[in-house]
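Dear colleague,

I am handing over the structure that you asked about, and below it you will find my notes.

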Amino acid sequence: MKVTETPPAVPAQRSPVTKTDAPAAETAKSSEGKVLNVFSHGVLIIWAVLVVMPLLWAVMASFKTDDSILSTPWALPDKLHFENWSRAWNQAHMSDYFLNTIMVVGGSLIGTLLLGSMAAYVLARFDFPGNRFIYFLFIGGMSFPIILALVPLFFVMNNMGLLNSVHGLILVYIAYSLPFTVFFLTSFFRTLPTSIAEAAMLDGASHSRTFFQVMLPMAKPGLISVGIFNFLGQWNQYMLPTVLNTDPEGKVLSQGLVELATSQGYKGDWSGLFAGLVMAMLPVLLAYIVFQRQVVAGLTAGALK
């Protein structure tokens, strides 16, 4: 009996990939990318309109009369009424509020950056018992609501004789801003190279000289970034000065705007109110426009390194 031999199985050949598949895949990816770009740009445009339109409307209303603000709120002013600004600056005492705010925010900003950078440098560069415990205490300070500390803070400031004083408000602003400053700068100092600090120590530089002349200039992007955030928070602070600063001559801008809004009563000086509002916004906008690149560089420095 003969056994018929079956021919060996021929392996199935893969169908060759046509040249038209690759361009089709690239076309699909490019179309998806275009749809995503259109969607993201649309969201950004909507967000920009929501942010910019109220600012432009406030600036436009500050140069209009009260009647035109109420009758034609979206129309351009017939002429620039600069008397609104002079009335808010002189009669509403915005000049005094502006000077008080510059003194308080300027002193607290310098103190916050100085003390925060020193504490962050020690926590980031030196290993000692309790390092992590102190670091987490600062982080815990970020999660503590300031409204819970207003009553005990009032009595502490009263017992120390610091109520209704510029230096007392500066100390409170520094304590309020230190947790975030230390948290931000600690992460930033960890990204800086240690070889430069070690070289300075080998050359005979002390710890303080190494910090002020070597490490602190290298941390300039981080200092500018956290300084801008602290400036925004301290410039617009209302709750702390309302509780701790009740002296009419020592009020800051946020208190002055509320005073301007409530003191007019039935008079309705809306043009002066908008002029004072724009005065309070201008320093914040100018600070962010001037230091915009440094803020972005400081936020991305840790990721780049």
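**Two packed helices**

Helix 7 (residues 166-191) and helix 10 pack with their axes 10 Å apart and at an angle of about 155°. Axes here are lines fitted to C-alpha atoms, for helices over the stretch in contact, and the angles run from 0 to 180 degrees between N-to-C directions. Helices (H or I, at least four residues) and strands (E, at least two) are DSSP runs, numbered from the N terminus.

Before going further, please note that this is a predicted model, in which local features need pLDDT of at least 70 and side-chain atom pairs count only at pLDDT 80 or more, while totals for chains, interfaces and linings use all residues. Residues are numbered from 1 along each chain as its sequence is written, and side-chain values use heavy atoms, with hydrogens and water left out.

Helix 7 and helix 10 are therefore roughly antiparallel to each other, a word used for angles over 145 degrees, whereas angles under 35 count as roughly parallel, 65 to 115 as roughly perpendicular and the rest as oblique. Their crossing is right-handed, where right-handed means that the near helix is turned clockwise from the far one by less than a right angle, and left-handed that it is turned anticlockwise. On the side of helix 7 the contact is made by residues including Tyr 173, Phe 180, Phe 184 and Phe 188, and on the side of helix 10 by residues including Pro 221, Val 226, Phe 229 and Gln 234; contact means heavy atoms within 4.5 Å.

Ile 174 also lies in helix 7, and this residue is buried, with a relative accessible area of 10%. Buried means under 20% relative accessible area, exposed over 50%, and partly exposed in between (1.4 Å probe, protein chains only). Not counting residues up to four places away in sequence, Ile 174 touches Gly 107, Ser 108, Gly 111, Thr 112 and Leu 115. Ile 174 and Leu 109 are 65 residues apart in sequence, yet 7.3 Å apart in space, C-alpha to C-alpha.

Met 118 has its place in helix 4 (residues 94-125) and is partly exposed, with a relative accessible area of 35%. Between Met 118 and Leu 185 there are 9.4 Å in space, C-alpha to C-alpha, although they are 67 residues apart in sequence.

**Aromatic rings**

The structure holds 16 aromatic pairs. Rings of Phe, Tyr and Trp (its six-membered ring) pair if their centres lie within 6.5 Å, and planes under 30 degrees apart count as stacked, over 60 as edge-to-face and the rest as tilted. Phe 211 and Phe 212 form an edge-to-face pair, 4.9 Å centre to centre with 75° between the planes. Phe 211 counts as buried at 5% relative accessibility, whereas Phe 212 counts as partly exposed at 41%. The pair of Phe 231 and Trp 235 is tilted, because the ring centres are 5.4 Å apart and the planes stand at 40°. Both Phe 231 and Trp 235 are buried, and, being 4 residues apart in helix 10 (residues 220-235), they are separated by about one helical turn. Tyr 121, Phe 126, Phe 189, Phe 211 and Phe 212 form one aromatic cluster.

**The protein as a whole**

The protein has 14 helices and 0 strands, and of its 305 residues 35% count as buried. Among contacts between residues at least 6 apart in sequence, 74% join residues at least 24 apart.

With kind regards
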